[in-house]
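Open your viewer and get ready to click along. We will go from one selection to the next and look at what is there.

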Amino acid sequence: MRIYNNYILTVAALLLITTIILIATEQNSMDVFYSVYVIEALIVTELYVYFNKKSRRGLNLVGTVLFGGFVVVLCFQVFKAFI
Amino acid sequence: MQGKNPYTWSGFSLLITGIMLSLPAFFIFHLVWLTALGICMLIMSFILLSLGKAIPNIPPEVCGLLLETGIDNIATLIEELGIKTRAIYLPSSLASDRPRAFIPLHSNGSHPRITKALPQRLIARYGTDPEDIGLLISTIGSTATSMLESKPGANPYELESALTSLFTGRLGVADGTSVVLHNNHITIEIKNPRLEHSADWSHHCLGGPLATIVASVAAEAWDKPITIEHEEQLGGKYCIELEVIS
């Protein structure tokens with residue numbers, strides 16, 4: 001259970017610190033917030049290599065959903081740039 | 001909702017709070033920072049819900065009780081028989097189905113030569129001599145080995161990876177391991193172990209719970225019998241020295 005708690009605390013702390021930094025830098029685009037969150041969550045998940053197969057499968061599914069959202073955000077930005 | 005663990009409950013709470021926070025913040029109040037916090041909560045809720053499904057429903061206290069009972073029974077058996085020889089950890093190829101510990105009932109100082117798979121019995125015969133008998137028992141290591149995703153190779157890197165995966169990822173009883181190989185001796189260092197080591201008779205014979213797991217995994221990796229030569233707690237580290245019997 002200890003590794004799961006460490007992982008959850010790491011992701012939560014990282015997301016909160018990122019929020020504080022982005023607010024302090026007067027960032028107002030939700031796209032930037034979301035993209036940074038997704039990239040951070042995916043990197044931390046990859047760094048925790050010793051999860052068991054079942055946990056890894058669940059987290060891969062979460063990663064896929066978050067990455068799907070990231071691709072949608074990216075498509076909107078590309079679409080906006082061309083119009 | 002019966003049987004849901006704290007991760008699942010926290011996940012549901014964060015999911016509801018995240019939705020209730022981010023939607024009004026984005027569409028009504030137009031507050032970016034509040035919407036961002038809501039999205040953070042939603043990401044955390046997805047992670048918690050996925051981890052909640054992967055964690056067993058049995059409380060750690062119940063696991064502790066089962067472990068203690070099993071160890072007590074083996075300790076009683078060994079003490080009653082007055083066995084003083086150290087156990088030999090056999091790979092599954094020599095113990096019929098899975099790695100087991102073999103305790104010779106008689107010893108002349110040298111390790112018994114086990115060349116073929118022993119029968120799946122408590123009292124097993126390994127030679128033709130009347131004194132060539134011993135106890136073939138399952139240990140925590142026998143069960144822990146089955147938790148490995150694949151059998152590690154006979155080298156220190158693969159053994160280290162398998163042990164770290166087992167101790168840190170699956171069992172949560174240590175923070176990491178390091179393995180060093182010198183000829184037929186393997187030295188394993190376990191960082192921040194959270195399983196206590198007692199110095200009773202059965203522990204002298206079988207080794208501590210962590211040493212038992214390490215010896216079973218190493219026996220399976222090398223596919224050779226292995227004994228625990230030495231084990232000691234040094235501050236935040238637990239050092240185990242194994243000998244591969246050729």
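Start by selecting B:His111, which counts as partly exposed because 16 other C-beta atoms lie within 10 Å. (Buried means 20 or more other C-beta atoms within 10 Å of a residue's own, exposed means 12 or fewer, and partly exposed is in between; C-beta atoms are placed from the backbone.) Before you move on, note that this is a predicted model, in which local features need pLDDT of at least 70 and side-chain atom pairs count only at pLDDT 80 or more, while totals for chains, interfaces and linings use all residues. Residues are numbered from 1 along each chain as its sequence is written, with chains lettered from A and ligands numbered from 1 in the order in which they are written.

Colour by pLDDT, the predictor's confidence in each residue, from 0 to 100. Chain B has a mean pLDDT of 86, and 98% of its residues reach 70 or more. For the complex, the predictor gives an ipTM of 0.93 and a pTM of 0.75.

Back at B:His111, you are in the loop between β2 (100-104) and β3 (123-125) of chain B. (Helices are DSSP runs of H or I with at least four residues, strands are runs of E with at least two, and both are numbered from the N terminus.) Beyond residues up to four places away in sequence, B:His111 touches B:Ile88, B:Thr227 and B:Ile245. Contact here means C-beta atoms, placed from the backbone, within 7 Å.

Next, select B:Val214, B:Ala215, B:Val217 and B:Ala218, the residues with the most contacts inside the largest nonpolar core, which has 48 residues. (Such a core is a set of buried Ala, Val, Leu, Ile, Met, Phe, Trp, Tyr and Cys residues joined through C-beta atoms within 7 Å.) Helix α7 (residues 209-222) of chain B gives the most to this core, with 10 residues. Now show the surroundings of B:Ala215: leaving aside neighbours within four places in sequence, its contacts include B:Tyr89, B:Gly141 and B:Leu242.

Another core, of 25 residues, lies apart from that one; among its members are A:Leu15, A:Val38, B:Ala36 and B:Met41.

Finally, display both chains. Which chain gives 29 residues to the contact, and which gives 24? Chain A gives the 29 and chain B the 24. On the chain A side, α1 (2-24), α2 (30-47) and α3 (53-82) each give two or more residues, and α1(A) gives the most, with 10 residues.

Technical notes. Two residues are in contact if their C-beta atoms, placed from the backbone, lie within 7 Å.
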